[in-house]
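I opened this notebook to record what I looked up in the structure, entry by entry. Each entry takes up one topic.

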Amino acid sequence: MAVAAEKLDLPVRQTRADSGLLGLISTVDHKKIGLLYLFTGILFLVVGGIEALLIRLQLARPLNTVITGETYNQVLTQHGTVMIFFAATPIIWGLFNYVMPIMIGARDVAFPRLNMMSYWCLLWGGVIVNAAWFLGGAVDAGWFAYVPLSSAQFSPGEGMNAYLVGVQLGMLSTMLTSINFVVTILKMRAPGMGLMNMPPLAWFTLMTSILAITAGIPFMVAMLFLMMDRWFGTSFFAPGGGGDVLLWQHLFWIFGHPEVYILLLPALACVSEVLSAFAGKPLFGYKSMVAAISTIGILSWIVWMHHMYTVGAGSPTNTAFVIGTKAVSVPAAIFVFIWLGTLWGGRLRYTLPVHYAVAMMFEFYIGGLTGLVNASSSVDRQFQDNMWIVGHFHFVAIGGIVFGLLAGLTYWWPKMTGFMLNEAIGKPGFWVLFLGFNLTFAPQLVEGLLGMPRRVYTYLPEQGWAGLNAVSSIGAFMQAVGIVILVIALLESVLSRRRATADAWGVGRSLEWSIPSPAPAYNFARLPLVRGHEALWHEKMHGDGKMQPVPDEEDHGRHGNAVHMPSPSFMPAVVGLGLLVAGFGGVLPNVTLAIAGGVVVALGILGWALEDARGYYLVVKEEEA
Amino acid sequence: MALTKWDPERSRKRRWFYVRGARTRRLLAGGAALAALAASPPVLAQEVRYPQTLLKPAGDQARALYEAMAWDIEFITFVFFIVSLITAFILIRFKHRDGEDGLPPQATGNLRWELGAWLVLIVGLIVMALHPLKAETVFASMPKGDDAIDVQVIGHQWWWEIRYPKLGIVTANELHIPTGTPVRIATTSVDVIHSFEIPRLGGKNDSLPGRWTKFWIEADEPGIYQGQCFELCGASHARMLARVIAHTPADFEAWVRARQNPQSQPESDLARAGEQTFKATCALCHTIDGTAAKGTIGPNLTAFGTRTSIGGGVLANTPENLAKWLADPAAIKPGSKMPNYNLSKEQIDGLVAYLMGLK
């Protein structure tokens, strides 16, 4: 057999080294980290959802006084910031983290400790942004934080500092995770899996990650500039000091629009996987999919000024961005053809994930098509900062992104937890959410046509928007009920413990369905040999339905009856803690705290470099050997 | 087919795979959708009830934008129905039915169909991208010539300063214009970013500190056209309204003459008392042409009695509303820079008499 474990002088263990509560802190396992991300994301989704309900309560009637104008702006800003950076983003990284490495036949991501540090950055970023409520008031300058409203002069409080520090940490997390995923996908695929044989989701992960790395940089730089303006009195954005308020808008939207695709591509990935699996067919037009993803990755760079049609840039500039914006709709619309081609001739089973996926298709049509209208620079002169835009991007953000991710979450739930969902609870929850969603946002498109601005905390009875807003508010509470039912369904599945088999839905086509549910610590007791375009499906069709292992001498992680595992480490947590302390130093601002945090970060990095991280051997369970 | 271990029968037997009562649920969903559709036409038909509607343009610029928008919306509605019908057909036709075993054809793609899809979409894109460009040129071509009116609109938290540089008039929140004449607007801001739009008269431009942006509007008919600030600008963003009052050219001439020769002398004892209070408190921030009041922090109050609205356009200009505003500005406009001087009832009555007497 292979090299004996003893020769490498590493400990051999019967159980995983990161079990228990402490293990949640020291773990470097992509699956545990994925679940932490998912849990954190759902928690922040609830926070952002409560903020949305407050917005809808206030707008339910004209001249309502549930909350004041100041509080409304805080709630509005926090809702956007939390939902984008601390709810949607961690849910995506959670799904990708759990599923993607298994799908490509890897035992973990390329940099396990970095993966855990990314999680801490995201968690503490979210905590800092939300802690502002208790530190002199949350940020109220909008999630887009336009200067000069976000400058020290007009937003002097801790809230804006908390936004800058918290979101900066969130972006750092995204960047590190993305680097990790790109390396993992390029370097750690199972033997036999070429790039053009990867499951669709891996392609989406790759392009999402590349976009996130590249688009994140301008925004992080912009936030750094604004920090310096606020803390040290520089004038990058101050017109009085030779700065320019539009500089922020350019940097923000150069990030901000690719960000839409960073959030949307994962949802498209989930829907593609779910429709293909439950229709019993491979994804139709794999090459078109790769082309479309890549085209989106390129074109999303020449669209950012469609957020700025009203800044007086002039017709030639605006027209260039009209063409860029409409062009990016082509690869996005290709997915409609890909999905319809996948369903054509298939046998679609209407499970809960399929419900969400099908709903996503229709809402995505509406979100995308309404976007084509405000992509016109002329028409957008009327729609800019008007409720039409709010309706449009929620059809993309909830109808597209959230429904897509819920399709993925419910599809992989049995894999991630090992328990089947009860569809008798899940489906009514879906319908309540679906109807509530349309009831909330369809009226907002009409409000936009009737000239209602967005981000107003109230309106006059004679402006005529009362009825539509009331309907919209009722819809928002229906959505809340739908989400509660979904959470109940998730909890019920864990409590009633209906065990999921390896191929939990019986329709699996890729590698994650070839290993037990939930996945064991080492994912694959023996590395699978990929022999076809869809690894598991190929074996179902041409083999015995089980993956063939690669020869032991090719499986470098396997030694005897054990698998080489990465060492758990507390150093990511130490670095994260240092960033948290330093972050609060920036928020207050308090120099001592900032320096103390910096010292902890430095110590953590030192410990990281010096600790023994050669890993250990985990003995494979007999039935999986 | 070499199906040795994997057995489709096994998955088919799982009862939770099947949608129970699917028809009932579809009927419910369809009913709700129909109800929503049925409710929307009356909403759209009664546009006059909506002072900021985009669906009833009242000038050339707004009409150009409206036509582009209407075409776009018709186009996407058409596309939505076609694509939805095809999708619905496929979803129903190719759903899994009891007793259907065997494998569906495992097609991985079809070069001809895929290239066709790309081609159709690119053509659609070109049509969609080119059509609204005409409206962009209408919006962007500033009317030339001396018959157009030049106006400066300057955003403040949370009111609009309106200046007519050639006419020597400064006012606030209410932009008077002649009908049938293009109005060139140059806009900027003294604090944060605002955005000025009167939807029925045309599209918006942002008011950016440190920059001037230019656009134009025009009104066909005399009347009052509502608008407001469209860019989040702080606590009272929602209370930063604006209105255009369009006059016939003759009436506009009369308005200009009246504004150039304002009546600013108090005529009753009460108003004279009010003038004294004004000098002691309000004049620090407000200007009244023809008096010693030269403050520039707040709106210019010349001819205040002729205004139709107060408080950034959120209240009608009546003595009662003015008294309410003077008693506690922040109650009407959160964060307002106008302080609450804890004026007595007598002081407020005097101020109301004085201000309403300014013509």
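**Entry 1: chain A as a whole.** I began with the secondary structure of chain A and found 17 helices and 4 strands. I note at the outset that this is a predicted model. I then asked how the radius of gyration of chain A stands against that of a compact globule. For 625 residues the globule would have a radius near 25 Å, and chain A has 25 Å, so the two agree. Along the principal axes, the C-alpha atoms of chain A fill a box of roughly 80 × 65 × 50 Å.

**Entry 2: burial and contacts in chain A.** I looked up burial next: 64% of the 625 residues in chain A are buried. I also looked at contacts with a separation of 6 or more, and in chain A 82% of them join residues 24 or more positions apart.

**Entry 3: a helix of chain A.** I selected helix H10 of chain A, which covers residues 352-374. H10(A) has 23 residues and spans 33 Å from its first C-alpha to its last, close to the expected 33 Å at 1.5 Å a residue. Is H10(A) mostly covered or mostly uncovered? I found H10(A) mostly covered, with 23 of its 23 residues buried.

**Entry 4: strands of chain A.** I followed strand S2 (residues 558-559) of chain A to strand S3 (residues 562-565) of chain A, and the two pair in the antiparallel sense over 2 bridges. His559(A) has Ala562(A) in S3(A) as its bridge partner. Between the strands of this hairpin lie 2 residues, and Gly560(A) takes a positive phi near 60° there. I then traced S3(A) onward to strand S4 (residues 616-619) of chain A; this antiparallel pairing has 4 bridges. Within it, Met565(A) stands opposite Tyr616(A) of S4(A).

**Entry 5: chain B as a whole.** I turned to chain B and found 10 helices and 12 strands. Of the 359 residues in chain B, 38% are buried. Residues 24 or more positions apart make up 66% of the chain B contacts with a separation of 6 or more.

**Entry 6: a sheet in chain B.** In which order do the strands of the open sheet in chain B run? I read the order of its 5 strands as S4-S10-S9-S6-S7, with mixed pairing. Strand S4 (174-178) and strand S7 (205-207) of chain B are the edge strands, each pairing on one side only. From one strand to the next, the twist averages 25°. Helix H6 (residues 249-260) of chain B packs on this sheet, where H6 touches S4 and strand S10 (241-247) of chain B. The direction of H6 makes about 130° with that of S4(B). Inside the sheet, I noted that strand S6 (residues 194-197) and strand S9 (residues 223-229) of chain B pair in the antiparallel sense over 2 bridges. Glu197(B) stands opposite Gln228(B) in S9(B).

**Entry 7: where the chains meet.** I finished with the interface, in which 90 residues of chain B are in contact with 93 residues of chain A. Among the elements of chain B that give two or more residues to this side are helix H2 (22-45), helix H4 (111-130) and strand S8 (213-217). Which element gives the most to the side of chain B that touches chain A? I found that H3(B) does, with 14 residues. By residue class, that side of chain B divides into 54 nonpolar, 22 polar and 14 charged.

Terms used
Residues are numbered from 1 along each chain as its sequence is written. Chains are lettered from A and ligands numbered from 1 in the order in which they are written. This is a predicted model: local features need pLDDT of at least 70, side-chain atom pairs count only at pLDDT 80 or more; totals for chains, interfaces and linings use all residues. Two strands pair if DSSP finds at least two bridges between them. Axes are lines fitted to C-alpha atoms, for helices over the stretch in contact, and angles run from 0 to 180 degrees between N-to-C directions. Two residues are in contact if their C-beta atoms, placed from the backbone, lie within 7 Å. The expected span of a helix is 1.5 Å times one less than its number of residues. A residue is buried if 20 or more other C-beta atoms lie within 10 Å of its own, exposed if 12 or fewer, and partly exposed in between; C-beta atoms are placed from the backbone. Ala, Val, Leu, Ile, Met, Phe, Trp, Tyr, Cys and Pro count as nonpolar, Asp, Glu, Lys and Arg as charged, and the others, Gly among them, as polar. The radius of gyration is taken over C-alpha atoms; the globule rule is 2.2 Å times the number of residues to the power 0.38.
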